[in-house]
Amino acid sequence: MFSAVTRTGMLSTSRVPLNRALAAGTARAFIATPQHRRTEESQAIIAERAKKNRPVSPHLSIYQPQMSWVLSGIHRNTGVLVAGAAYLYTAAYGLAPVFGVDLSSLAAASTLAAVPGPVLIAVKALVSGSLSFHCFNGLRHLIWDTGRGLSNKGVFRSGYVVLTATALATGYLTFF
Amino acid sequence: MVASLVKLTTLPNARRAALATGIRFARQQPASPLHTARPLLFKATTPKTLFGDNVPNPDAVPQQQVSRTKGTYHWMNERAVSVLSVPLLATAFIYGSHPINDMLLGIVLPIHAYMGFQQVLLDYFEARRWPVISRVLKYALVTITGLSMFGAWRINTTDVGLTNYFSRLWNAKKTQAGVYTADDE
């Protein structure tokens, strides 16, 4: 790999002293210094850098998207979204008096009432969709944890049930 | 050279030691330079060769105390918190606000979120690869969970309670503190 890098056009004509090359912090500058090529030290440094930039194995994107694993991923994402938002908001409420901010229900509601309707609807759809999906799919996971419904057919059937229930709940919570 | 020396000197010893304790070999492997790591050497470590006839009773050996928050216990704890949150959320959404339910929501849901975020951190900020960041995030998670519980407690004690609070935010366009306005469609 080292020789490949030096052979494929990385070689520069500049003679950069070793300490300045290291201070610059670029592997390229270091490799480009011919008099320091292939020393044990340089190999160790390059190996150390290579270790930090190792490629990630191909994972999710190489699989056909299927309900079984896609819903599982969405479950985590929706949980992180709702829990993260709730975390931030309730923590902010706890800290509000320290910063002299009024987050009481009346003040917060009147602030929200001034937000443009479409924006509010979009936020409500996102939050209620995430929360209801996480709740329904969470029930599905709890059923799985008892060993039920783990067949391929069962997984897909319950998946469609969860998606339908999520759509209904999201529509209801957002618009009614 | 060294390997063959080891083979010559130790194998008969191991064989003799094993034979003395009653272990029988299936068949002696043919001598080969590629097979110097003899399984024979490892076979000798059985309770009988270690302890002779006085093999200790396993029940008498003190067992390592298993933590009630780790391993399968941790998995069961997660399920328990999830199962607990089901009736709490159902009550909040179907029945409505209730002070006890609000208090429990403010405790159970942060714990549920905490356990969920723990799994996320374990997956994406593995301690060997991110020694500093994983540690920082671990403590940040504890901190924000505590703050969140505190905020929920304050909403429950100084405001209208969690269910009513988020209900008011949710219906901010429709109602202003319970009074319907002209904006209501």
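Which residues of chain A does the UniProt annotation "transmembrane region" cover? In this predicted model, local features need pLDDT of at least 70 and side-chain atom pairs count only at pLDDT 80 or more, while totals for chains, interfaces and linings use all residues. Residues are numbered from 1 along each chain as its sequence is written, and chains are lettered from A, with ligands numbered from 1, in the order in which they are written.

According to the unreviewed UniProt entry, the annotation covers residues 80–100, 106–133 and 154–175 of chain A; such positions follow the numbering used here, feature names are shortened, and annotations may be inferred rather than shown by experiment. Residues 80–100 of chain A are 95% helix and 0% strand, with end C-alpha atoms 28 Å apart, and residues 106–133 of chain A are 89% helix and 0% strand, with end C-alpha atoms 29 Å apart (helices, H or I of at least four residues, and strands, E of at least two, are DSSP runs numbered from the N terminus).

The contact between the chains takes 27 residues from chain A and 27 residues from chain B, two residues being in contact if their C-beta atoms, placed from the backbone, lie within 7 Å. On the side of chain B that touches chain A, α4 (71–95), α5 (99–124), α6 (131–158) and α7 (162–170) of chain B each supply at least two residues, and α6(B) gives the most, with eight residues.

Within chain B, L162(B) touches D102(B), L105(B), G106(B), A152(B), I155(B) and N156(B), residues up to four places away in sequence not being counted.
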